[in-house]
Amino acid sequence: MSTEVARGLILRVTDYKEAHRLLTVLLESGEKRTVLARRARQKNSPLAAATQLLTYGELTLFRYRGTCTLDAAATIEQFLPLRADVERLALGCYFAELAEQLSEGDTASPELLPLVLNALYALGQQTAPTGQIKAAFELRLMAMMGFAPRLEDCAVCGREMPEGPCLDLREGLLCCAGCCSGEAARSALCQGSLAAMRYVLDCPARRLYAFRLEADALGRMEEACEAFLLAQLDRSFRTLTYYHQIRSE
Ligand SMILES: [Zn+2]
């Protein structure tokens, strides 16, 4: 039996039995924990508000025989502006699904929670275009999890500014259009999108969204970051499909 108080972000909420909620929580340590919130769906439950998806709070957790139960929860941040916009909310849910997927087992990193919180805040406050936040988040997340692409120079000829730069999605390597060979899946970049992606890999965390790109270059960056993430993780995301559906409507 033990009680602990920890800060965490709710990445997933599932209804459980008559009135309970089962939460997937990302803690400050980077650990992902399943937490039972008893009677959280009952009217007037003190846990109702603080156990909603994408809520960041201070959680009092009680552990007994392998089950972790939520005793009390105080909301720190609900990201209200994010909830008012269906497209941005869908993107926030995608960020949560990515964090859930990438906080499995030994990949846990204490940098993960701040990365997700800052992304949700940036989305809510619109500190940068939505597509830019998405691309920068995806790329920085991949780097944090050990999947950083190598963007310093062309992997074949060594040129720092490749002509017609392309990203090999599987190998995570940069090359010039003329240096690429074979059938490898690639995403075309340009000087602007390449510079922005290099920036995202190197900048301080708090400056992650503080860059500007022309619409064309941003479009290429968005395409490359998403395609790279999907190629590296080799799976699809329900929330990403939903986000694209909403955007196309
Ligand atoms: Zn080259």
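Predicted model: local features only at pLDDT ≥ 70, side-chain atom pairs only at ≥ 80, totals over all residues.
The protein contains seven helices and eight strands. Along the principal axes, its C-alpha atoms fill a box of roughly 65 × 35 × 30 Å. A compact globule of 249 residues would have a radius of gyration near 18 Å, and the 20 Å found for this protein agrees with that. Of the 249 residues, 36% count as buried. When contacts between residues at least 6 apart in sequence are considered, 57% of them join residues at least 24 apart.

The interior comes next. In soluble globular proteins, nonpolar side chains tend to be buried together. Here, the largest nonpolar core has 66 residues, and Val-25, Leu-26, Phe-95, Ala-99 and Val-116 are those with the most contacts inside it. Helix α2, which spans residues 86-102, gives the most to this core, with nine residues. Both domain 1 (2-77) and domain 2 (80-248) give residues to the core, so it lies between them. Leaving aside residues up to four places away in sequence, Val-25 touches Gly-8, Leu-9, Ile-10, Leu-11, Arg-33, Val-35 and Leu-59.

Helix α2 also has a partner to look at, helix α4 (residues 130-144): the axes of the two come within 11 Å and cross at roughly 5°. Because an angle under 35 degrees counts as roughly parallel, α2 is roughly parallel to α4. On the α2 side, Glu-87, Arg-88, Leu-91, Phe-95, Leu-98 and Leu-102 meet Thr-130, Lys-134, Phe-137 and Leu-141 of α4.

Definitions and conventions. Residues numbered from 1 in each chain as written. Helix = DSSP H or I, 4+ residues; strand = E, 2+ residues; numbered from the N terminus. Rg over C-alpha atoms; globule rule 2.2 N^0.38 Å. Buried ≥ 20, exposed ≤ 12 C-beta atoms within 10 Å, placed from the backbone. Contact = placed C-beta atoms within 7 Å. Core = buried A, V, L, I, M, F, W, Y, C linked by C-beta atoms within 7 Å. Domains from an automatic or database assignment. Axes fitted to C-alpha atoms, helices over the stretch in contact; angles between N-to-C directions. Parallel < 35°, antiparallel > 145°, perpendicular 65-115°, else oblique.
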